[in-house]
Amino acid sequence: MITPLKALRKNRFKTSLIFVSMSVSIAAIFLISAISGGVVSMYSAMLKTDGDIIVTQKGIADTFFSDINRSLNDTVMNMVGVKESSVLILGAAPVDTLPIVGIYGVSENRFKSYSLKQGSIPSQGEVMLGSKIYETLKHPKTVTLSKKEFRVSGVFKSRIGFEDGGVVMNLVDAGELFHKSASIFLVSLNDLSQSDAVLKEVNLLSSEIEAKTTENFIDSYNQFKIIKTSSDVIGAMAFLMGILGIVSMMSMVVSDRKAEFGIMRSIGLSSSTIIFKLLSETLIIALAAYAVALGTSFGILELIENADKFQGYINGEITVTLMINVLIVSVVMALVGTFLPAFYASRIDPMSLIQRGGA
Amino acid sequence: MKIEALGIEHFYGHEKVLNGVDITITPGSFTAIIGESGSGKTTLLSILSTLLQPTFGNVQYDGKILSELGNIDRFRRTNIGFVFQFHYLISYLTLRENIALGAIEESRVDSLLESLGISNLSHRYSDEVSGGERQRAAIARALVNAPSVVFADEPTGNLDSKNALGVYELFREFSLQGTGFVVASHDKKIADYADVIIEMEDGVVKKVYK
């Protein structure tokens, strides 16, 4: 361990360049994964709140475009095994100076899932604001949504960023605002084992609706797939950029230290010893870069989360699983990026030492 | 270890630099290969020391050709030491660490530092000692695994005459203890220390004398 550290210290400039390059790549992977994971996790959590089953318009790609007849919810509520079913209208509109804000029209029975900080739940002509947007808009008494003014009846706190930065109103007002009856029903069951029977019964209600378990819906939701795929692609690019950075820097390092590896070969050190030596040097850099990237990512996510500009909609989530996955990715990046230059170093002909000597 | 070169010819591209060399290096001897620049002495040394494969002919080590020696890295590590014109000490390692780098057993490191007169410098780095001391450390590195033979290419090329003679004396001393030395040099003073002198000219052995 001492020798790789000494070698890194001796070659400070190039070590720093590799370290910075790796830190940036690893932080990019952390941030894109955490942000996309956070978006998916927030929206999933919102749907999962009191929702074992979700009912949407059939074949719709996005819940925001879903339009179903809310009178069907009365029938759903009376089905055997259904504990409760709430109606939601999901939309987005400009609110005062903010160009786009999530708007949630909810049935009366859904209001209890919001933790009120002050005021009361909204009646017609009123809205309830998430604490984040309430702060961003500097404690307004009224807000204008799509050119219509609403009185602020109360403020709620939600751990879900989309809700905390959003506006909640009753179904009638939301229906008028977005010209639809309902977007989705969220159905909670007495017993999850009854889900198949309830799903079957709900799906028979109308050919225009589709019921899925919330888990199934989240797994097959196109928007999540798009976010996940985009995140994976960007993460993969960051990974490749990291590898290319290491390959080019390590090639320069090997070239600078050609005599060192030549002498190692001449005294009989095996190729694998030389490869291992270089791999351990990069591995040390990778671990240090990982630690710095992790800390930096936490800091950046904290800044983004609290930036008024983002209205609390970007809530990055660095889970233990993500930390482990990125650690593995960092190690692989270091090993893959170093292998070729290390292999070249292990093949350096000691004859080059004689030729250099000029004899 | 007895080394026999048989019918060695070597080309760099179309240029023939060795033209039928037959020599024998006896175990434990101090052999000097001398000659002008371009005479082929360095190429011959490289071939004898396994660093270079001859275009024609072969070299036998105790009767075995290179391909019969097994793992070449292991063979070099246990049987051969190298000293180059430049010391090639690794700058981020102390003299002691440089010597121990390829050591099979570290126990020899301290005794070598002692016998080469650099034990007081063992924790210094190469840029903290003189040229002669660096070359002594390089010699210690070559001797650390008690090789049968040490090959040295112009080992005094970067040293003043006093340090150069010191290096020859060291070779002589270790040679008397049983380690063979094959040294390529254009410095004729080496003849005063060597057991055998092989004089090269235009790619052939001009003369072998004692």
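**Close-ups of a two-chain model**

**View 1. A:Arg265 is a buried residue, with a relative accessible area of 10%.** Keep in mind that everything here comes from a predicted model. What does A:Arg265 pair with? Its partner is B:Asp73, and the salt bridge between them has its closest N and O atoms 2.9 Å apart. This contact runs from one chain to the other: A:Arg265 sits in helix α10 (residues 258-266) of chain A, while B:Asp73 belongs to helix α2 (residues 72-79) of chain B. B:Asp73 is tucked away too, since its relative accessible area is 10% and buried means under 20%. Across all chains, a search of the whole structure turns up 20 salt bridges.

**View 2. Here A:Lys277 and A:Glu281 join up in a salt bridge.** The N-to-O distance is 3.2 Å. The two residues lie four apart in helix α11 (residues 271-306) of chain A, so about one helical turn separates them. Are they buried or exposed? Both A:Lys277 and A:Glu281 are buried.

**View 3. Over in chain B, B:Lys206 reaches B:Glu199.** They form a salt bridge, with 3.8 Å between the closest N and O atoms. As for B:Glu199, its relative accessibility is 17%, so this residue counts as buried.

**View 4. Now for the open sheet of six strands in chain B.** Reading across, the strand order is β6-β7-β8-β3-β9-β10, and the pairing is mixed. Which strands sit at the edges? Those are β6 (80-83) and β10 (204-209) of chain B, each with pairing on one side only. From one strand to the next, the twist averages 20°.

**View 5. A closer look at β6(B) shows how this strand pairs with β7 (residues 149-153) of chain B.** The two run in the parallel sense, and four bridges connect them.

View 6. A:Ser255 is part of helix α9 (residues 222-256) of chain A, and at 43% relative accessibility A:Ser255 is partly exposed.

Key: Residues numbered from 1 in each chain as written. Chains lettered and ligands numbered in written order. Predicted model: local features only at pLDDT ≥ 70, side-chain atom pairs only at ≥ 80, totals over all residues. Heavy atoms only, no water. Salt bridge = Lys/Arg side-chain N within 4 Å of Asp/Glu carboxyl O. Buried < 20%, exposed > 50% of the residue type's maximum accessible area, 1.4 Å probe, protein only. Pairing = 2+ DSSP bridges. Axes fitted to C-alpha atoms, helices over the stretch in contact; angles between N-to-C directions.
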